[in-house]
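Hi,

Here is the structure I promised to pass on. My notes on its pocket and cavity follow below.

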Amino acid sequence: MNAETLIPQTHEIFVHIRIIIGMILGLSVARLVSGSTRFIQHPGKDKIYPVHFGWVICIFLFILHFWWFEFALSQIKVWTFTLYFLLISYSIIFVMLAAMLFPDQLTEYQGFKDYFQRRKKGFYILLLALFTIDSLDTLIKGKQYYDHYGILYPIRQTLLIAGAIGGLIFRSERYDTIYVFAALASQVVWIMVLFNLPG
């Protein structure tokens, strides 16, 4: 007998996990929103860097999508610790990404552009982990679950993962710009396709 057989597979497990994930994601959203208000509070001090702010919007959309998508998790009949661990890890990476985008202070940097360019390696590593966990989580849920997304999901994930790897290899501001706006566009399209928007 293992630990997983001792846990009743009931709706209460989903509610329990959803509450934990909601608390973690709430930290991420709060960090992104409070960080973004800097540009309103101190417009002369903190200048918007398009690549950085593009990732702020993109990560915010990723979080909102995942948070809404949690309703679909209620369809899972058997919860395992592996699946639970991946979902919590996935949520925690959002907190880390939000903290990377808005650090506690910028005193040692010359604005968000300098900060992002000097810290983007860590940011891209976290992105790579996020997209990889997303893919693993989808695969673990079974072939039927994976296939119901069609060809769009593997194409999207491949491009996002390849883009993050490219960000680690190329030291190009142009590449960073193209990648963030491609990721943002793909997320908007993905949300529209999944949730039949407008409709």
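Let me start with the lining of the largest pocket: by class it has 12 nonpolar, two polar and one charged residues. (Nonpolar means Ala, Val, Leu, Ile, Met, Phe, Trp, Tyr, Cys and Pro; charged means Asp, Glu, Lys and Arg; the others, Gly among them, count as polar.)

Before you read on: this is a predicted model, where local features need pLDDT of at least 70 and side-chain atom pairs count only at pLDDT 80 or more, while totals for chains, interfaces and linings use all residues. Numbering runs from 1 along each chain as its sequence is written, and side-chain values use heavy atoms, with hydrogens and water left out.

Back to that pocket (on a 1 Å grid over the protein atoms alone, an open set of points with protein on both sides within 12 Å along at least five of seven lines). Its lining (residues with an atom within 4 Å of a point) numbers 15 residues, with Arg156, Leu159, Leu160, Ala182 and Ser186 nearest the centre. Helices H7 (152-169) and H8 (173-194) are the elements giving two or more residues to this lining, and H8 gives the most, nine.

Of its 18 lining residues, His65, Phe66, Phe69, Tyr90 and Asp134 are closest to the centre. H3 gives the most to the lining of this cavity, with four residues. By class, the cavity lining has 11 nonpolar, three polar and four charged residues.

Helices here are DSSP runs (H or I, at least four residues), numbered from the N terminus.

Cheers

Methods. On a 1 Å grid over the protein atoms alone, a cavity is a set of points where a 1.4 Å probe fits but cannot get out, and a pocket is an open set with protein on both sides within 12 Å along at least five of seven lines; lining residues have an atom within 4 Å of a point.
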